[in-house]
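Here are my notes on the model you sent. They are set out as numbered points, to be read beside the coordinates.

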Amino acid sequence: MQDSSTSSQRTRHWAQINEVSFVAGMRLLFWVYKLLGRVPFRLLLYPVLGWYVVVNGRARSASRDYLQQVAAWRPQLGTRGNLADVFRHFRAFGESLLDKMLLWGGLFPLERVQLHGQEHIAGAIAAGRGGLLICTHLGNLDLCRVMARRYPDLRLTVLVHTRHAQAFNRMLAQLDPGSQLNLLQVTEMSPATAMMLADKVAQGEFVVIAGDRVPVSPAPRVAQASFMGRMAAFPVGPFVLASLLQCPVFLMFSRRTDDGARLDFEAFRDRVELPRKERQHRLDQLAGDYAARLEAHCLQAPFQWFNFYHFWAQPTLDHTDDRPAQH
């Protein structure tokens with residue numbers, strides 16, 4: 001029988017993963033990179049990662065659970081879900097955090113970012129249509145915000161829950177005050193917020209929302225979908241928002257490559273309708289289609305999906321004082 005402490009650890013919400021100390025270590029390593037380059041950065045990154053993996057049993061366990069599921073679902077990828085793989089997972093996370101800081105510090109080589117499927121977004125921009133862009137915690141989400149600067153006609157409002165990511169967001173703001181300009185902090189979607197977002201879309205803007213973390217709520221509304229061979233809970237918020245905005249829905253995936261980064265854009269729905277009698281069925285269907293695309297991209301870079309909580313556990317919110325630093 002699973003003891004209560006293990007059960008609590010497995011079901012605790014993602015918003016209670018504490019990364020404050022890890023962010024502090026990354027701040028130091030960022031300056032090492034600026035002064036000495038990436039090789040010394042990586043040499044110093046290993047002890048920081050080693051310490052974090054040792055002390056954060058919750059994230060370590062979640063990483064192992066995810067990587068073992070990848071191994072079971074696609075054994076040909078060669079992942080095993082052992083401690084070495086967990087360390088590799090955290091190393092990729094550390095590299096991703098550095099890339100975020102480099103992006104906002106003006107040091108990331110934007111010319112090395114490959115775009116795929118951008119014609120979907122370009123078509124909407126040319127037609128003066130806004131839309132909803134559903135992203136994930138695969139790779140580096142901040143790329144979409146920086147790439148928007150490269151394409152002035154692409155105007156983004158990124159919905160985030162940053163109450164527990166103040167340390168990292170303060171650091172980004174120090175690197176570039178503009179890092180906070182197109183963020184909209186939301187815990188619950190009020191009618192006033194929905195109307196404001198509808199106005200933005202009507203003016204040709206794009207609203208960005210993550211689709212792979214259940215909301216910060218004691219009883220979140222979710223849909224069930226198969227992900228890597230196991231049923232998992234996905235938030236319905238992006239699909240409900242799409243039905244309210246009555247706009248095209250796109251997906252965005254990013255991942256780090258050997259020589260830079262890659263951004264993939266995909267058309268998802270021209271419009272989302274949620275008839276009352278079929279509402280849950282439609283939500284499950286939408287979540288299933290989204291989960292299938294997320295799975296396909298995660299399997300391209302399994303160590304770059306940074307959801308360090310037990311993804312397949314049914315969501316519950318454990319009210320503690322362990323405040324996170326998620327972003």
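**Notes on the predicted model**

1. Cys298 has a relative accessibility of 0% and therefore counts as buried. Cys247, at 3% relative accessibility, counts as buried too. A search of the whole structure, which is a predicted model, returns zero disulfides.

2. The sheet is open and has seven strands, in the order S1-S9-S8-S2-S5-S3-S4, with mixed pairing. S1 and strand S4 (183-185) stand at the edges with a single partner strand each, so one side of each has no neighbour in the sheet. On average, neighbouring strands of this sheet are turned by 25° against each other, direction ignored.

3. Several of the pairings can be followed residue by residue. S2 and S5 run parallel and are joined by five bridges; Leu132 stands opposite Val207 in S5. S3 and S5 also pair in the parallel sense, over three bridges, and the bridge partner of Val158 in S5 is Val208. Strand S3 (residues 156-160) is joined to S4 by three bridges, again parallel. There, Val160 has Gln185 in S4 as its bridge partner.

4. How much of S5 is buried? Four of its five residues are, and the strand is mostly covered. Helix H7 (residues 142-150) is largely enclosed by the rest of the structure, because seven of its nine residues are buried. Those buried residues of H7 are Asp142, Leu143, Cys144, Arg145, Val146, Met147 and Ala148.

5. Helix H6 (residues 118-126) lies across S1, strand S2 (131-135), strand S5 (206-210), strand S8 (249-257) and S9. The angle between H6 and S9 is about 60°.

6. Asp264 deserves a separate entry. Asp264 is part of strand S9 (residues 260-269) and, with a relative accessibility of 9%, counts as buried. Which side chain does the side chain of Asp264 meet in a polar contact? The partner is the side chain of Arg262, at 2.7 Å. Leaving aside residues up to four places away in sequence, Asp264 touches His116, Leu251, Met252, Phe253, Arg255 and His297.

7. Next, the charged pairs. Side chains of opposite charge can pair when their charged atoms come close. The structure holds 13 salt bridges. One of them joins Glu95 and Arg256, with the closest N and O atoms 3.7 Å apart. Because Glu95 lies in helix H5 and Arg256 in strand S8, this pair ties together parts 161 residues apart in sequence. Glu95 counts as buried at 6% relative accessibility, whereas Arg256, at 28%, counts as partly exposed. Both residues belong to a network of salt bridges that links Arg38, Arg42, Glu95, Asp99 and Arg256.

8. A salt bridge also joins the side chains of Asp289 and Arg269, at 2.5 Å from N to O. Asp289 lies in helix H11 (residues 279-298) and Arg269 in strand S9, so the pair ties together parts 20 residues apart in sequence. Asp289 counts as partly exposed, at 32% relative accessibility, and so does Arg269, at 25%.

9. Lys200 and Glu205 form a further salt bridge, whose closest N and O atoms are 3.8 Å apart.

10. Two C-alpha pairs link positions separated along the chain. Pro109 sits in the loop between helix H5 (83-104) and strand S1 (113-116); at 22% relative accessibility, Pro109 counts as partly exposed. Phe93, in helix H5, is buried with a relative accessible area of 6%. Phe93 and Asn140 are 47 residues apart in sequence, and their C-alpha atoms are separated by 9.5 Å.

Terms used:
Residues are numbered from 1 along each chain as its sequence is written. This is a predicted model: local features need pLDDT of at least 70, side-chain atom pairs count only at pLDDT 80 or more; totals for chains, interfaces and linings use all residues. Side-chain values use heavy atoms; hydrogens and water are left out. Helices (H or I, at least four residues) and strands (E, at least two) are DSSP runs, numbered from the N terminus. Buried means under 20% relative accessible area, exposed over 50%, partly exposed in between (1.4 Å probe, protein chains only). A polar contact is a pair of N or O atoms within 3.5 Å; within protein, one must be able to donate a hydrogen and the other to accept it, and residues adjacent in sequence count only if both atoms are side-chain atoms. Contact means heavy atoms within 4.5 Å. Two strands pair if DSSP finds at least two bridges between them. Axes are lines fitted to C-alpha atoms, for helices over the stretch in contact, and angles run from 0 to 180 degrees between N-to-C directions. A disulfide is a pair of cysteine sulfur atoms within 2.5 Å. A salt bridge is a side-chain nitrogen of Lys or Arg within 4 Å of a carboxyl oxygen of Asp or Glu.
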